[in-house]
Amino acid sequence: MITTTDLTKVYRTRDREVTALDGVNLHVQEGEVHGVIGQSGAGKSSLIRCVNLLETPTSGTVTVDGRDLTALAGRGARPSAALRQARSRIGMVFQHFNLLSSRTVRGNVELPLEILGLGRAERRRKALDLLDLVGLAPHARAHPAQLSGGQKQRVGIARALAGDPKVLLSDEATSALDPETTASVLALLRDLNRQLGLTVLLITHEMDVVKTVCDSASLMRDGRIAESGTVRELLATPGSALAAALFPVGGPPPEDGDRTVVDVTFHGAATGRPLISQLARTYHVDVSILGAAMDTVGGAQIGRMRIELPGRFSDNVVPIGFLREQGLAVEVVTGAAPADAQASAAPTKEATR
Ligand SMILES: Nc1ncnc2c1ncn2[C@@H]1O[C@H](COP(=O)(O)OP(=O)(O)O)[C@@H](O)[C@H]1O
Ligand SMILES: [Mg+2]
């Protein structure tokens, strides 16, 4: 639904250049909620603003719903009619709501409908429908100043839906809200995603947002996408920084020779089976649990656990193999030998190519 290819954005000011996007290849499937997470300055806002061409990319292409927006943009300073039309099918929600204080709630939602050229009665009807959808119909005649932050953001969402978009972009929409309000706004985005089949691309710097609503996520670092995938794929990827941040399982393990520390990721049926106790009984090993995190992601139970086994990695090959056979992702954190094991495995891989 959303694809960017080798997208770059360089800001040029009088005395310097800033490369905010450095070859971004993003893929968001139709109907999914995709989160882009990263530290401040990573390029998240630049990315989302390039996706609807609010910002003109320096190079690369942006395709939304099968249309190459970069091609529609043309070379002129003003957006072409075709681009304006395509853009009206992309809703955008902002961190600071960007509501007009002089207009009522309904008036704010009507604004994009005026721009689309709808008649007065139709605008009114549509705005009230949208306010109903976001649970704000009783406040249609209020002014933004009379609303709470969460209510203001609901107005922002209703306004973003005015053009019947297929895609909703959200730049830190919940960052100015308290945790409870954040949860209710995220639940609303999730509902809209399901009810309307809306594809949502949301930018956040909060891991909890990704955990709560995202089907898939990308990690941005220095203008690039460092990791990307469904939450489940990320959890199954050894060394995924995003998986580790979503499911932190404790600090660095003690660096001491005679034990092996491994991170185990459970999902699906494995979460309900007593695998650690089977491991202990079958192989007569004393397993210590150093840290664990369990959560529900997209309705599925996922868990990560950092466990310690006595002995070096070479002493634990069989129990670790047992866990892998049970379908768990096992990543060896320490135990002296994993580097050797990988080194000896690598040439075999090469040889089979
Ligand atoms: N309009 C602009 N002019 C110059 N530099 C900018 C502009 N917008 C963003 N930047 C710079 O681009 C980089 C990425 O910014 P941004 O996309 O806002 O990141 P994020 O949203 O992840 O915090 C930062 O170094 C920022 O200072
Ligand atoms: Mg930003």
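What follows is a conversation about a predicted model of a protein with a ligand.

Colleague: What makes up the secondary structure of the protein, and how many residues count as buried, as a percentage?

Modeller: The protein comes to 13 helices and 14 strands, and of its 353 residues, 37% count as buried. A residue is called buried because 20 or more other C-beta atoms lie within 10 Å of its own.

Colleague: How do you know which residues surround ligand 1?

Modeller: A residue is placed around the ligand because its C-beta atom lies within 6 Å of it. By that cut-off, ligand 1 is surrounded by Tyr 11, Thr 13, Val 18, Ala 20, Gly 38, Ser 40, Gly 41, Ala 42, Gly 43, Lys 44, Ser 45 and Ser 46. Strand 2 (17-28) and helix 1 (44-51) each supply at least two residues of this shell, and the largest share, 3 residues, comes from helix 1.

Colleague: What makes up the shell around ligand 1 by class?

Modeller: The shell has 4 nonpolar, 7 polar and 1 charged residues.

Colleague: Which domains does the protein have, and how far apart do their C-alpha centres lie?

Modeller: The domain assignment gives domain 1 (2-235) and domain 2 (247-352), and their C-alpha centres lie 39 Å apart. The contact between them takes 5 residues from domain 1 and 7 residues from domain 2. On the side of domain 1 that touches domain 2, helix 9 (residues 231-235) gives the most, with 3 residues, and the residues of that side divide into 2 nonpolar, no polar and 3 charged.

Colleague: Which residues touch the most other members of the largest nonpolar core?

Modeller: Of the 83 residues in that core, Val 51, Ala 158 and Leu 201 touch the most other members. Strand 2 gives the most to this core, with 5 residues, and the core draws at least three residues from each of domain 1 (2-235) and domain 2 (247-352).

Terms used:
Residues are numbered from 1 along each chain as its sequence is written. Chains are lettered from A and ligands numbered from 1 in the order in which they are written. This is a predicted model: local features need pLDDT of at least 70, side-chain atom pairs count only at pLDDT 80 or more; totals for chains, interfaces and linings use all residues. Helices (H or I, at least four residues) and strands (E, at least two) are DSSP runs, numbered from the N terminus. A residue is buried if 20 or more other C-beta atoms lie within 10 Å of its own, exposed if 12 or fewer, and partly exposed in between; C-beta atoms are placed from the backbone. Ala, Val, Leu, Ile, Met, Phe, Trp, Tyr, Cys and Pro count as nonpolar, Asp, Glu, Lys and Arg as charged, and the others, Gly among them, as polar. Domain bounds come from an automatic or database domain assignment. Two residues are in contact if their C-beta atoms, placed from the backbone, lie within 7 Å. A nonpolar core is a set of buried Ala, Val, Leu, Ile, Met, Phe, Trp, Tyr and Cys residues joined through C-beta atoms within 7 Å.
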